[in-house]
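Hi,

Here is the structure I promised to hand over.

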Amino acid sequence: QEANKHNNYIIHPTMKLLKSSLLLVALLETSHAFVNPSLASRSRNAPVTSLQASDRLEPGDAVLLIGPGFLQLNVAKAAKAAGLNPIIVAPQDKINSFVQYVNDDDLINDAIIGIPDPGEPYYGEIGGVVYCAEGAILPDSIVGTVLDWKDRDVFSKDGIKRAVGCIPISGKINKEKSMGWVPVFNNDRKEKEVWTKFTTAFKSHPVMKEGGGGTTIRFGSLLGGSVDGCDELQALGLDERVYKMSMENYRDLKERSFDRYRIGAQVLTGDVINVKPPNQEKMEKEAINKGEYLEAFRAAGGYPEIDRTNRHTAAQAVIQALMRPESEVPKEFSILSKCVSSVPTTDEWDAMFESPGPATWPDPFSFEPTDYGFEAETAN
């Protein structure tokens, strides 16, 4: 009940959310999307006036974020931090509910329920589109509705320079419950159908052809996304109440642990996971015989996630893809977390995109307790 009081859509069954997104499509297909009239002449980050790149987004470019969901909000905050002008697109009731999580008046004031009309903020400045609903709620028709929008003048002079489709990894091993999990009979099958149709629509759209400016980003089970971690998360994170949105026992502790210890990144080409070596579990138990040591070993040192992703990590991957040419990132890649307590640097993203691949599983026999903060007396 407490979770439902704070969020009136995240924990609803999938098909109710889908109806909401179908309403969004209907709104998009009609003219005059709602926007706060006081913003009619406002632009948060002024467009760059010098020659702009036509194959990537640059500071000052506007980007449509199609949701709704917490991932959408994390992408919005990361985009703003990078100098972009994110436009949250969602039904009005969802926008109203976002106020308590975003803690950013600019992002809420710029949120709309459709595509900007002439004279409205960011009309003619939109250079990117991101589909970033983390739940199975977007119908396949929304792909063409937005990317093939009839009024092409709404986009930048170079059109849509980059388009990103955020889609779950299809072969997850660990069946993590989603943030909005509730026991709904046969819900998994419905979710799979919705995602399959959306994935087919996005990947078959011309933007996903070579040179089309499109990238598919696969994400694992999503956790974290708030501020209980390194200092960088204070500007990027959502309100801490998002840790308590699920009906699952101890979910808030799991969510917090991802923000504290698991915001490193792995970039893997295609729709894949980082499978744990068959002897890894056995080696860890043989090499590390204390429970607190084993817990520390698995929460630091770049220890990789098999199929889970911090929302911050996913959001950073989206922004990095948007602000790079299509040719500099894999056409389709999976973003997973690993146990690092700081946001990846630009140089680290450079390296991951140049040589994508799973993070190496660490050797437990090299574990030194003192390196993990245990006192020497205890270690001995």
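**Sheet and helix packing**

Strand S5 (residues 214-219) runs parallel to strand S9 (residues 332-338), and four bridges link the two. Within that pair, Ile217 has Phe333 of S9 as its bridge partner. Strands here are DSSP E runs of at least two residues and helices are H or I runs of at least four, numbered from the N terminus; two strands pair if DSSP finds at least two bridges between them.

Before you go further: this is a predicted model, where local features need pLDDT of at least 70 and side-chain atom pairs pLDDT 80 or more, while totals for chains, interfaces and linings use all residues. Residues are numbered from 1 along each chain as its sequence is written, and side-chain values use heavy atoms, with hydrogens and water left out.

S5 and S9 belong to an open, mixed sheet of seven strands, ordered S2-S1-S3-S4-S5-S9-S7.

Now the helices. H3 (residues 70-81) lies across S1 (62-66), S2, S4 (162-168) and S5, at about 165° to S2. Axes are lines fitted to C-alpha atoms, for helices over the stretch in contact, with angles from 0 to 180 degrees between N-to-C directions. The H3 axis comes within 11 Å of that of H4 (residues 92-102), and they cross at roughly 60°.

On the H3 side, Phe70, Gln72, Leu73 and Lys77 meet Phe98, Tyr101 and Val102 of H4, contact meaning heavy atoms within 4.5 Å.

Cheers
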